[in-house]
Amino acid sequence: MPLMLVLLPPIAAEALSRCRRGDNLPIVSNLWPPYPNWQRERTQNPPSVSSSLTGGTEHRHCAALASVRGMSSGPVPHMSPDEFREHGRRVVDWIATYWERLPTLPVLSQVSPGQVRAGLPGTPPRIGSHGSLDALMADLDEVVLPGITHWQHPGFMAYFPANASGPSVLGDLLSSGLGVQGMLWATSPACTELEQVMLDWLVDLLGLPAAFRNDGAGGGVIQDSSSGANFVALQAALHHATDGTSVTDGVSGSHIVYASSQTHSSVEKAARMAGLGSRAVRTVDVDPATLAMVPAHLAELVAADRAAGLVPAMVAATIGSTSTTAIDPVAEIGAVCRQHGVWLHIDAAFAGVAAVSPALRWINDGVADYADSYCTDAHKWLLTNFDATAFWVRDRRHLTGALSILPEYLRNQASDSGTVVDYRDWQIELGRRFRALKLWMVIGWYGADGLRAHIEGHVALAQELAGWVEADDRFEVVAPHPLSLVCLRPRWPGHEDEEADGLTMSVIESLNRSGKVFLTHTKVAGRAVIRVAIGAPATTHEHVQDVWNVIRAEVAAHS
Ligand code: PLP
């Protein structure tokens, strides 16, 4: 059989051979194997997808297949293993040099909109550059690099960090080289089992409850992001709240989600995506001093909803809010959830990994007793390249109950035996990369002590910065700073609030234009605030001192 025929999907290959033989055009049901649940599969897949070889489209398909048959495209210019060795060394070298050059580059990209697009050809090359990477590397330097905001720069203190590290990049490279798609245990057992071990290791490293481990009723999985984790947590919560009928009947419009004004927007987005709508999200009050959720108000809202015949489905508590790293009182919130049978999800996207330091484990107080699900991002502050969100559930039946769906073509002996985990049942997508490799490399390279030193170093720097700010009466620290984010504001004596906020924003813009630092803002009690988020692996004491100096100089220039 010619190679092309082997690569075509079976139905197309069959159609092509029928075209060749001049057979009558195929009828779809004759092509399908007589597997037991094909009718169910037709329900899952809209007819337009599953029957593309029927009716009037058949002639077009036949003609297209015939023209492919007549083509003589010549050899495919794959990169040989030897070429890969040569070019791979060059690319690794480029990355190492980039990391060395980082401090000399402007943190925030200085390009104007459209500049990168304008630097690239509008159409793809017909003849590739095979044999040489010269042209591509030249464009990388001249067109792409100027359009990069350097997240690994020591002066990157915007948003939250997105750590990269040598071991993580190499783990990702191995994952790419293996080219594994780990949707099922059977499609690469190591992809699933290494991930299970990594998530168990993280339970241990972060002092999380043993109930999250994969050897009990719970379990952990790598999601692409905390937004995704928050969404699948809501799916599990709805499964729990409906005794599983959410899967067959959907939701009735009576299910309610509880969050605070400080909860990440992805929770409301999850409610929208789940079909609940934004109006199903209750905003629980926060303590004005700590910005943490007020459990008594949560209890009131839940009771009122129940009295109105609604169904409280999920509370999203945050450990380390996006705006200021506020920490919700999980134990008190958990007690309310327990009383009313509500799923408690913990979003610890940025801060959760800080628990690698035993001195910071208090941030997870209450999790062991009450959390039904929990997520934290190794790709923010734990030296692991995006994407790697660790997500755990205490009882995986609600997660897999909500997300498992089995078309015939994925059935296999291992899954049918019930002895393996198929991670496709734990996430939105079917396909998945071998992301555990980079975590394995990171944890193996740094060890618990190295990871702890990384986190504790940044926390110490932030506490020192907060001390400098507090000691300067031209500034104030505006929120608690338990970790590595400091929210500060110049006082701007003699200026009304609105004018003062304009000056604060103008200071941030000038600093970002300077290329020395990249800072972003938030609002606390309605007032503009400068966020200094320390967490890039290259950031040292000297860089934090520099940032404090340039902030003070810029504020002086604006005064
Ligand atoms: N939750 C919190 C508390 C966050 O701070 C963030 C991002 O900063 C997110 C969720 C979303 O994270 P991701 O980019 O992994 O979706």
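Is the crossing of α7 and α9 right-handed or left-handed?

Reply: Happy to take a look with you; keep in mind that this is a predicted model. Helices α7 and α9 cross in a right-handed sense. Helix α7 covers residues 81–101 and helix α9 covers residues 134–144, and their axes lie 12 Å apart at an angle of about 10°. Angles under 35 degrees count as roughly parallel, and α7 and α9 are therefore roughly parallel to each other.

Now for the side that each helix brings to the contact. From α7 come R90, V91 and W94, which meet D134, M137, L140 and D141 of α9. Sorted by class, this contact has 4 nonpolar and 3 charged residues, with no polar ones.

Helix α22 (residues 497–514) and helix α23 (residues 541–558) have axes that come within 10 Å and cross at roughly 125°, which makes α22 oblique to α23. Here too the crossing is right-handed. On the α22 side, the contact involves L503, S506, V507, S510 and L511, while α23 supplies V550, I551, E554, V555 and H558. The classes here are 6 nonpolar, 3 polar and 1 charged.

As for the whole, the chain holds 23 helices and 11 strands. Of its 559 residues, 48% are buried. Among contacts between residues at least 6 apart in sequence, 73% join residues at least 24 apart. The chain exposes about 26500 Å², and carbon and sulfur atoms supply 56% of that area.

Terms used:
Residues are numbered from 1 along each chain as its sequence is written. This is a predicted model: local features need pLDDT of at least 70, side-chain atom pairs count only at pLDDT 80 or more; totals for chains, interfaces and linings use all residues. Side-chain values use heavy atoms; hydrogens and water are left out. Axes are lines fitted to C-alpha atoms, for helices over the stretch in contact, and angles run from 0 to 180 degrees between N-to-C directions. Helices (H or I, at least four residues) and strands (E, at least two) are DSSP runs, numbered from the N terminus. Angles under 35 degrees count as roughly parallel, over 145 as roughly antiparallel, 65 to 115 as roughly perpendicular and the rest as oblique. A crossing is left-handed if the near helix is turned anticlockwise from the far one by less than a right angle, and right-handed if clockwise. Contact means heavy atoms within 4.5 Å. Ala, Val, Leu, Ile, Met, Phe, Trp, Tyr, Cys and Pro count as nonpolar, Asp, Glu, Lys and Arg as charged, and the others, Gly among them, as polar. Buried means under 20% relative accessible area, exposed over 50%, partly exposed in between (1.4 Å probe, protein chains only). Accessible areas come from the Shrake-Rupley method with a 1.4 Å probe; for residues, only the protein chains shown count as cover.
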